[in-house]
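User: I'd like to learn how to read a structure feature by feature. Could you walk me through one?

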Amino acid sequence: MAEVLRNNGFQIKWSPSARTKIEIPGFRWQHIFDEDGRDLQDYGEVVERMIQ
């Protein structure tokens, strides 16, 4: 996921470990996670929603 974010122009803070979260400084979240019908492993969809 970190590579996908970088490739789409996002600055990230992350120590490459599965135990740490990826931080996106200055990013304002505008959507709340909806458990119905979303696949969080579909990184393309996640990034598309973030850059809108």
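This is a predicted model: local features need pLDDT of at least 70, side-chain atom pairs count only at pLDDT 80 or more; totals for chains, interfaces and linings use all residues.

User: Fine by me. How many helices and strands does the protein chain have?

Analyst: The protein chain has two helices and zero strands. Buried residues make up 15% of its 52 residues. The accessible surface is about 4,600 Å², and 47% of that belongs to carbon and sulfur atoms.

User: And how do I read contacts along the sequence? What share of contacts between residues at least 6 apart join residues at least 24 apart?

Analyst: For the protein chain that share is 28%.

User: Next, the helix. Which residues of α2 are buried?

Analyst: General idea to start with: an α-helix has 3.6 residues a turn, so residues three or four places apart point the same way. Now the case here: α2 runs over residues 43–51, and its Val 46, Val 47 and Met 50 are buried. Those three cover an arc of only 95° around the axis, which puts them on the same side of α2.

User: What do the buried residues of α2 pack against?

Analyst: They pack against α1, residues 2–7.

User: On to the core. Which residues make up the largest nonpolar core?

Analyst: The idea is to take buried nonpolar residues and join them wherever side-chain atoms come within 4.5 Å. Here that gives eight residues in all: Ala 2, Leu 5, Phe 10, Ile 12, Ile 24, Val 46, Val 47 and Met 50. α1 and α2 are the elements that give two or more residues to this core. The largest share, three residues, comes from α2.

User: Let me zoom in on one member. What does Leu 5 touch, leaving out residues up to four places away in sequence?

Analyst: On that count Leu 5 touches Phe 10, Ile 12, Ile 22, Ile 24, Val 47 and Met 50.

User: Now the rings. How many aromatic pairs are there?

Analyst: A pair of aromatic rings is described by the distance of the centres and the angle of the planes. The count here comes to one aromatic pair. Phe 10 and Phe 27 form it, at 5.8 Å centre to centre with 70° between the planes. The pair is edge-to-face because planes over 60 degrees apart count that way.

User: Let's finish in the loop. What does Gln 11 touch, with residues up to four places away not counted?

Analyst: Gln 11 lies in the loop between α1 and α2. Its relative accessible area is 64%, so Gln 11 is exposed. Even so, Gln 11 touches Glu 23, Ile 24 and Pro 25. Gln 11 and Gly 26 are 15 residues apart in sequence, with 9.0 Å from C-alpha to C-alpha.

User: And which residues does Glu 23 touch, by that rule?

Analyst: Glu 23 touches Gln 11, Ile 12 and Lys 13. Glu 23 is also found in the loop between α1 and α2, and at 42% relative accessibility it counts as partly exposed. Glu 23 and Ile 12 are eleven residues apart along the chain, and their C-alpha atoms are separated by 5.6 Å.

Note on methods:
Residues are numbered from 1 along each chain as its sequence is written. Side-chain values use heavy atoms; hydrogens and water are left out. Buried means under 20% relative accessible area, exposed over 50%, partly exposed in between (1.4 Å probe, protein chains only). Helices (H or I, at least four residues) and strands (E, at least two) are DSSP runs, numbered from the N terminus. The arc is that of the directions from the helix axis to the C-beta atoms. Contact means heavy atoms within 4.5 Å. Accessible areas come from the Shrake-Rupley method with a 1.4 Å probe; for residues, only the protein chains shown count as cover. Rings of Phe, Tyr and Trp (its six-membered ring) pair if their centres lie within 6.5 Å; planes under 30 degrees apart count as stacked, over 60 as edge-to-face and the rest as tilted.
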